[in-house]
Amino acid sequence: MSCCKQKKETPDPTPGPSFDDPSIHEDYKNYERDPFLAFIPQLGRWGFGILSNELSIYGKGAASAPSFTSKFLKGTYSFYRANPNILFREILSGFTVAIMQVPESIAFSFVAGGSPFC
């Protein structure tokens with residue numbers, strides 16, 4: 001009896017195709033990929049289209065509001081119309097806070113000993 005265990009030999013797994021094998025590349029020969037993050041401009045156009053529609057509705061509603069509210073809304077409308085990047089950043093930060101509030105609320109309900117779903 002020996003004091004050392006002998007290593008059990010395992011058979012080599014069947015080798016798969018290598019990356020140099022040309023048959024792998026035949027399937028993707030005519031495949032063209034969109035550039036990385038190509039959806040960002042489309043997403044921006046979609047988002048700004050919605051925002052411009054909302055702002056026009058908001059601007060029309062400002063005409064029927066009381067005078068102090070009307071002045072505030074018209075000033076806000078004209079500010080964001082001149083600076084759409086600021087509006088986009090504010091809306092994006094609002095969505096970020098709203099999304100991050102969900103897991104935080106669930107965690108606090110577990111800490112308090114309650115159920116997060118009622």
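What share of the 118 residues in the protein chain do buried residues make up? In this predicted model, buried residues account for 8% of the 118 residues.

**Overall architecture**

The protein chain contains 4 helices and 0 strands. Followed along the sequence, its elements give the pattern α-α-α-α. The protein chain exposes about 10,900 Å², and 64% of that area is supplied by carbon and sulfur atoms.

| Residue | Helix | Relative accessible area |
|---|---|---|
| F39 | helix 2 (residues 39–62) | 45% |
| S109 | helix 4 (residues 84–112) | 16% |

Is S109 buried or exposed? The relative accessible area of S109 is 16%. Because buried means under 20% relative accessible area, S109 counts as buried. The contacts of S109 include G114, S115 and P116, when residues up to four places away in sequence are not counted.

F39 has a relative accessible area of 45%.

**A nonpolar patch**

Which residues form a nonpolar patch on the surface? The patch consists of L37, F39, I40, L43, W46 and I50. Together, these residues have about 610 Å² of accessible area. F39, one of the residues of this patch, lies in helix 2, whereas the buried residue S109 has its place in helix 4.

Definitions and conventions
Residues numbered from 1 in each chain as written. Predicted model: local features only at pLDDT ≥ 70, side-chain atom pairs only at ≥ 80, totals over all residues. Heavy atoms only, no water. Helix = DSSP H or I, 4+ residues; strand = E, 2+ residues; numbered from the N terminus. Buried < 20%, exposed > 50% of the residue type's maximum accessible area, 1.4 Å probe, protein only. Contact = heavy atoms within 4.5 Å. Patch = residues over 30% accessible without salt bridge, like charges linked within 9 Å, V, L, I, M, F, W, Y side chains within 5 Å. Areas by Shrake-Rupley, 256 points an atom, 1.4 Å probe, with all protein chains shown as cover. Salt bridge = Lys/Arg side-chain N within 4 Å of Asp/Glu carboxyl O.
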